[in-house]
Amino acid sequence: MSATELKAGSNLEKVLSSGKFAVTGECGPPKGADVSVIEKKAKLLKGYVDAVNITDNQTAVVRVCSMASGVTAQANGLEAIMQMTCRDRNRLAMQADILGAYTLGIRNILCLTGDHMSFGNHPEAKGVHDLDAINLIRMYKDMRDEKKFQNGEDLDPAPQLFIGCAENPFADPFEFRALRLKKKVEAGADFMQTQCIFNVPKFKKWMEEVRAIGLHKEVKILAGITPIKGAGMAKYMKNFVPGMDVPQEIVDRIAAKEKGEPQQAEGKKLAVEMIKELAEVEGVAGVHLMAVEWEPAVPEIVEAAGLMPRPAVA
Amino acid sequence: MITAERKPLEEILSLVEGKKKVLVAGCDTCVAICLTGGEKEAEILASELRIKAQQDGREVEVEHTAAIRQCEWEYLDMIAEKVAEADVVLSMACGIGIQSLAEKFSPKLVMPAVNTNMLGMPQEHALWLERCGACGECVIGETAGICPVVRCSKSLMNGPCGGSHDGKCEVTTPEKEEIDCAWALIWDRLKEQGREELMFVNRPPKNWSKSSSGGPRKMVREEAKPV
């Protein structure tokens, strides 16, 4: 594909457009005025993922902002996917921030509703929710393609963005979930990352619905994988993380190993198996590896899954 | 209706501290129906204040009264005499009634004895649930008669977020009780109505300028103005 057909020309877009299997990672910025955390994580992941999500006040906990952390990651050789939630900004701020991020070199943006304030460390905060994630996708698409601000005013020059969204195939109502992705695609999503997949049969069933309405041809779908570090984490995700579907046999498989290194090894092995299985599902264009505070596991998993070297796309 | 909850006694005491003549003014409309601020509740609060004053050895005169509606000038005339005698009025009406009273009898000191919390309905006896956010642009014709603005924790306009599970919201009440996912309710009822295609419509950003984001709102009915 020639550069003129690309929307943003980011590495992630090039990898996906060339039909190569993409790998994205995730980095959470720190709870403190510290640049070194993202620098270290970026150096660890560089070369093993095509781009990395930089979370935006993840779980409604205040951290270094996703724009600054995204710029730090890129300065350390790792392309950023800047996350943007509707929880903390109104439409003025979301447009101003994307223009600012673009001028600083950000090309990939992930549009999210955001976890509710009640989960985080400022439960008394006023939630903004001026737009929802679908409105946000549309607003950025119109800024890019129509060269218009949300109010219809002309925008010049327009930011060239590769626009992403998230979807949770395990949330309810299940029969609406693929249709919700359709709304996001219609709004302008170029790529989509799923919530962590542990229930593979349910994910496959969701993909059948996605394919039935042809969405896999309109949006690049990256399957979300979280390596499990131990039985405790598996149980916690199963019981306490909203929207997470962790089958009991997964918990049992990890718990059957000794605590510590053996459980970690099993978690990595499971992640590799799942990547290989999901890569075979028609319509899956890549994987999104969310190794929450376990970034050092990523290179090993990517290597073992046979996804190295990462494609060099011009 | 408008619902309100009484403030804790300690806070009410701090609002009338040092005052010798206190008038507790109830309102016999919305706050009476939600068992918070009608004449009966005004009488109870007045008694509590008298007992507390007696226990603390303070000399305080506490009276009570109630207006049929504190939010209408003509009903306030009916309590004017009692208000005139008081050093401070503790209003048990909603925020509208309290402000009407404060404006009508300005500069009389008027204090809120309740926290106004929502536009809700009595779902069952002694249980009120929020139903309307007075957003100024009603969409429930498209959402099966269920308001996504206040019944969805994130005021989403295009369907449920990824936190909807088994018909429940990812958010729980401060008492850790589950909340129904508004969009799960909307989806179910639209299906019953054979109108589920309304879920597939991409609704544009909401015009919040018609809500409180547009500044204090005003409504004028020219045709109803006196000639």
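Q: Which exposed residues sit on the face of H4(A) turned away from its buried side?
A: That face carries Leu92(A), Ala96(A) and Thr103(A), which are exposed. Keep in mind that this is a predicted model.

Q: OK, and which residues of H4(A) are buried?
A: Met94(A), Gln95(A), Asp97(A), Ile98(A), Ala101(A) and Tyr102(A) are the buried ones. They cover an arc of only 165° around the axis, so they end up on the same side of H4(A).

Q: Why would residues a few places apart point the same way?
A: An α-helix has 3.6 residues a turn, so residues three or four places apart point the same way.

Q: Got it. What do the buried residues of H4(A) pack against?
A: In chain A, they pack against helix H3 (66-75), strand S3 (80-85), strand S4 (108-112) and helix H5 (133-146).

Q: How many residues does H4(A) have, and how far does it reach?
A: H4(A) covers residues 91-103, so to speak a run of 13 residues. From the first C-alpha to the last it reaches 18 Å, close to the 18 Å expected at 1.5 Å a residue.

Q: And what follows H4(A)?
A: Gly105(A) does, with a positive phi near 105°.

Q: You mentioned H3. Is H3(A) largely enclosed or largely open?
A: Eight of the 10 residues of H3(A) are buried, so the helix is largely enclosed by the rest of the structure. Among the buried ones are Met67(A), Gly70(A), Val71(A) and Ala73(A).

Q: What covers the buried residues of H3(A)?
A: The cover includes strand S1 (22-27), helix H2 (36-45), strand S2 (51-54), S3 and H4, which belong to chain A. After H3(A) comes Gly77(A), where phi is positive again, near 85°.

Q: Let's zoom out. How do the strands of chain A run in the barrel?
A: They form a closed barrel of eight strands with parallel pairing, in the order S1-S2-S3-S4-S5-S6-S7-S8. Ignoring direction, neighbouring strands are turned by 30° against each other on average.

Q: Can you zoom in on one pair? How many bridges join S5 and S6 of chain A?
A: Four bridges join strand S5 (residues 162-167) to strand S6 (residues 191-196) in chain A, and the two run parallel. Cys165(A) stands opposite Met192(A) in S6(A).

Q: Which strands do H5(A) and H6(A) lie across?
A: H5(A) lies across S3, S4 and S5 of chain A, at about 150° to S4(A). H6(A) lies across S5 and S6 of chain A, at about 165° to S5(A).

Q: New topic: how many residues of chain A are in contact with chain B?
A: 26 residues of chain A are in contact with 25 residues of chain B. On the chain A side, H5 and helix H6 (174-187) each supply at least two residues. H6(A) gives the most, with six residues.

Q: What's the chain A side made of?
A: The residues touching chain B divide into nine nonpolar, 10 polar and seven charged.

Q: Last one: what's the order of the three-strand sheet in chain B?
A: The order is S1-S6-S7, in an open sheet with antiparallel pairing. Strand S1 (2-6) and strand S7 (127-132) of chain B stand at the edges with a single partner strand each, so one side of each has no neighbour in the sheet. The twist averages 70° from one strand to the next.

Q: And how many bridges does S1(B) share with S6(B)?
A: They pair over five bridges, in the antiparallel sense. Arg6(B) stands opposite Val114(B) in S6(B).

Technical notes. Residues are numbered from 1 along each chain as its sequence is written. Chains are lettered from A and ligands numbered from 1 in the order in which they are written. This is a predicted model: local features need pLDDT of at least 70, side-chain atom pairs count only at pLDDT 80 or more; totals for chains, interfaces and linings use all residues. The expected span of a helix is 1.5 Å times one less than its number of residues. A residue is buried if 20 or more other C-beta atoms lie within 10 Å of its own, exposed if 12 or fewer, and partly exposed in between; C-beta atoms are placed from the backbone. The arc is that of the directions from the helix axis to the C-beta atoms. Two residues are in contact if their C-beta atoms, placed from the backbone, lie within 7 Å. Two strands pair if DSSP finds at least two bridges between them. Axes are lines fitted to C-alpha atoms, for helices over the stretch in contact, and angles run from 0 to 180 degrees between N-to-C directions. Ala, Val, Leu, Ile, Met, Phe, Trp, Tyr, Cys and Pro count as nonpolar, Asp, Glu, Lys and Arg as charged, and the others, Gly among them, as polar.
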